[in-house]
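Here is the note you asked for, to be read beside the model. Please keep the sequence open while going through the points.

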Amino acid sequence: MAEVRFEHITKRFGETLAISDLNLKIPDKEFLVLVGPSGCGKTTALRLISGLEVPTSGNVYIGERLVNDVAPKDRDIAMVFQSYALYPHMSVFDNMAFGLSLRKTPKLEIQRRVKEAARILGIEDLLKRKPRQLSGGQRQRVALGRAIVREPVVFLLDEPLSNLDAKLRVQTRAELSKLHERLGTTFVYVTHDQVEAMTMATVIAVMNKGILQQVGKPQDLYEKPVNVFVAGFIGSPAMNFFDVFVKSAKDGIYLDAETFQVPVPKERADILHKYLDTKIVFGVRPEDIYSPQYIVPGIVASPIRAKVDVTELMGNEFYLHMLSGDKQFLARVDARTEARPGQDIELVFNMANMHAFDPETQLTLLGNMGSNLSAGLISNASVL
Amino acid sequence: MTTASEVSDTRPAFSRIILGLRKVASRLPLHVILIVIALLWMTPTIGLLVSSFRPATEVASSGWWNAFQTPFKFTLDNYSSVISQNGMGRSFLNSLIISVPGTVIPVVVAAFAGFALAWMKFPGRNVLFIFLVALIVVPIQATLIPVLRFLTDVKLVGTFPGIWLAHTAYGLPFAIFLLTSFFGTLPKELLESAYLDGASNLRVFLRLVLPLSVPAIASLAIFQFLWVWNDLLVALVYLQSPSKAPMTLTISNLVSSYGTQWQLLTAAAFISMILPLIVFFALQRYFVEGITSGALKG
């Protein structure tokens with residue numbers, strides 16, 4: 001049970017900068033998911049906690065202890081690898097007991113802990129098997145079991161679900177959340193899959209190109225992304241972006257995308273007022289686009305017209321790949337909507353959930369209304 | 001009487017037999033070629049074996065293929081005389097005394113070195129590795145005089161430890177190269193996982209790297225054993241006492257002193273082949289395993 005803290009962490013591999021001035025506090029007992037595209041530095045961050053990498057500069061703390069010079073085995077952490085890294089020549093029991101026997105844990109205690117972990121994970125009848133006799137899902141459980149028996153203060157998980165098939169992944173996601181609740185330990189989980197991040201995390205940290213972009217609760221990241229990258233990365237399908245001009249009219253201000261114009265709701269208009277006649281990036285999520293017949297109550301509806309390019313019926317909803325002039329965007333509308341490729345149809349943007357970003361800095365223009373940096377989690381302002 | 005159902009039951013079985021035959025037929029040429037090559041390859045050895053059981057007069061008067069005509073004349077005399085009178089028994093023991101440590105020492109040293117070179121980070125690691133591997137190209141003849149002088153200085157000429165050292169030195173470059181390469185293919189995460197589990201370098205080596213590398217180590221051990229067992233040159237130069245001569249040396253002496261007594265030479269040669277054959281058959285499954293398993297997936 002411990003918090004983990006990065007203070008001004010920089011990590012280079014030769015000339016390559018993997019992590020740049022990372023400041024992040026992972027509070028005790030949280031399930032933090034580090035998410036970002038490949039090569040963003042998230043796995044390096046995890047390996048810095050484990051001690052498998054040492055920082056080029058900066059400090060890593062586990063609890064109150066500075067662990068820069070502490071060997072991996074003395075950090076009281078356990079890690080689940082993407083490939084599971086089970087010892088192929090040992091039985092499941094021995095795989096799980098290996099760490100404990102190295103630590104001179106009494107035999108009876110080892111048996112108790114391994115059996116308990118096996119019970120939690122439902123692998124009691126596999127203890128005598130070798131890893132090669134197990135399915136992917138079972139191996140994944142053994143890898144988890146090996147971490148659980150150690151009773152570490154921090155669990156590190158490096159893309160543990162990426163080798164499972166889609167169905168098993170959904171199931172294991174739920175089980176991991178349950179496991180986190182049950183163990184009451186800090187989890188640090190690395191993934192490139194924002195769905196995993198959204199579904200399991202109590203806190204998400206988004207990274208890109210070695211730089212921490214935003215930290216916060218999943219819902220906050222979804223609703224109030226601080227920049228274009230986070231806005232585009234969190235949420236599936238991804239947010240649509242349009243280059244627009246802020247224009248003034250007699251009853252307020254509106255966004256002009258040449259092919260369509262949408263009015264800005266009152267409270268956002270006050271903020272965007274100072275960007276009159278400048279170009280900004282307007283963002284709207286596919287799920288904030290409706291077909292006029294199936295509008296839900298409580299939205300700020302602004303109609304636009306666009307051409308249907310491709311349609312994808314998902315059963316419960318309809319993905320419309322739209323063209324507005326040359327600009328492509330995606331709408332996620334009610335499955336009953338009638339739309340055929342080539343047709344010109346009317347859609348409605350919910351402007352209550354609109355996003356606006358500076359095209360230069362890529363930062364949100366909506367300030368507090370659009371973002372919160374979860375000040376407690378990041379200890380200085382250099383994250384952006 | 002045959003019922004309709006019986007007829008229909010036999011058909012698939014029949015067609016299965018046809019299919020099976022076709023499969024065999026399609027591979028037949030390959031098998032025939034392989035068998036012919038194997039027979040050609042083995043003919044001299046079979047001749048050697050047959051000759052070793054024939055009396056001296058027969059060997060001198062007719063070729064070994066005549067042995068299968070009646071009356072059969074086979075004898076064990078050649079073996080008993082080679083072992084008792086010509087010191088092959090003692091030489092067999094000497095060969096063992098030389099070959100076992102001459103195999104074990106370099107394999108053990110190479111395993112430690114291979115682990116360090118493959119997995120431990122230290123400055124100059126790559127340079128050291130390249131230097132060691134480059135030693136493979138040094139011809140053994142070029143080293144004979146300097147090594148002999150060195151062994152003389154440290155008073156190890158004509159002793160077993162002296163020749164163990166020599167074989168270790170000659171075997172190490174290739175052994176280190178082979179094991180470093182093999183250890184390097186072990187999944188990195190496996191070792192990292194063990195370090196996180198609390199294992200020291202030594203424990204990772206003993207509990208993880210060694211058990212997972214048995215096929216490579218077994219192959220290396222066979223190579224090294226055969227090389228030392230069959231070595232004549234190193235023994236000839238560094239082991240100057242006849243009482244310590246291995247079989248290769250004794251046989252070569254037999255050739256010069258009994259140049260015409262083929263029956264004794266064939267028996268001696270066969271004695272010298274027994275152990276390598278046993279070693280090979282005992283460890284050959286690791287060869288197969290090394291080729292087929294290949295995967296060390298966790």
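1. Basis of the note. This is a predicted model, in which local features need pLDDT of at least 70 and side-chain atom pairs count only at pLDDT 80 or more, while totals for chains, interfaces and linings use all residues. Residues are numbered from 1 along each chain as its sequence is written, chains are lettered from A and ligands numbered from 1 in the order in which they are written, and side-chain values use heavy atoms, with hydrogens and water left out.

2. Chain A as a whole. Chain A holds 10 helices and 20 strands, where helices (H or I, at least four residues) and strands (E, at least two) are DSSP runs numbered from the N terminus. Its C-alpha atoms fill a box of roughly 80 × 45 × 35 Å along the principal axes. Of the 384 residues in chain A, 54% are buried; buried stands for under 20% relative accessible area, exposed for over 50% and partly exposed for what lies in between, with a 1.4 Å probe and protein chains only. Among contacts (heavy atoms within 4.5 Å) in chain A between residues at least 6 apart in sequence, 67% join residues at least 24 apart.

3. Extent of the interface. Contact between the two chains involves 19 residues of chain B and 25 residues of chain A. The size of an interface is often given as the accessible area lost when the parts come together. Here chain B and chain A bury about 2000 Å² between them, 58% of it on carbon and sulfur atoms, the buried area being the accessible area (1.4 Å probe) that two parts lose on being put together, summed over both.

4. Make-up of the chain B side. Between chain B and chain A there are 10 residue pairs in polar contact, both residues at pLDDT 80 or more; a polar contact is a pair of N or O atoms within 3.5 Å, where within protein one must be able to donate a hydrogen and the other to accept it, and residues adjacent in sequence count only if both atoms are side-chain atoms. On the side of chain B that touches chain A, helix H8 (188–196) and helix H9 (201–212) each supply at least two residues, and the largest share, 8 residues, comes from H8(B). The residues of that side divide into 9 nonpolar, 3 polar and 7 charged, with Ala, Val, Leu, Ile, Met, Phe, Trp, Tyr, Cys and Pro counted as nonpolar, Asp, Glu, Lys and Arg as charged, and the others, Gly among them, as polar.

5. Which residue of chain B does Arg47(A) meet in a salt bridge? The partner is Glu192(B), with the closest N and O atoms 2.6 Å apart; a salt bridge is a side-chain nitrogen of Lys or Arg within 4 Å of a carboxyl oxygen of Asp or Glu. Because Arg47(A) lies in helix H1 (residues 42–50) of chain A and Glu192(B) in helix H8 of chain B, the pair joins two chains. Arg47(A) is buried at a relative accessible area of 12%, and Glu192(B) is buried at 7%. The count of salt bridges between the chains is 2, and Asp197(B) also pairs with Arg150(A), at 3.1 Å from N to O.

6. Lys11(A), Arg47(A), Glu53(A), Lys188(B) and Glu192(B) are linked in a network of salt bridges. Within chain B, Glu58(B) and Arg54(B) form a salt bridge at 3.5 Å, and both are buried. Over all chains, the whole structure has 19 salt bridges.

7. Nonpolar cores. The largest nonpolar core has 67 residues, among which Phe6(A) and Val188(A) touch the most other members; such a core is a set of buried Ala, Val, Leu, Ile, Met, Phe, Trp, Tyr and Cys residues joined through side-chain atoms within 4.5 Å. Helix H4 (residues 88–119) of chain B gives the most to this core, with 7 residues. Apart from this core lies another, of 45 residues, including Ile148(A) and Leu157(A).

8. Two single residues. Thr172(A), in helix H5 (residues 166–183) of chain A, is buried at 5% relative accessible area. Leaving aside neighbours within four places in sequence, Thr172(A) is in contact with Gln140(A), Leu161(A) and Leu164(A). Tyr286(B), in helix H13 (residues 262–292) of chain B, counts as buried at 18% relative accessibility, and Tyr286(B) and Val214(B), 72 residues apart in sequence, are 7.4 Å apart in space, C-alpha to C-alpha.
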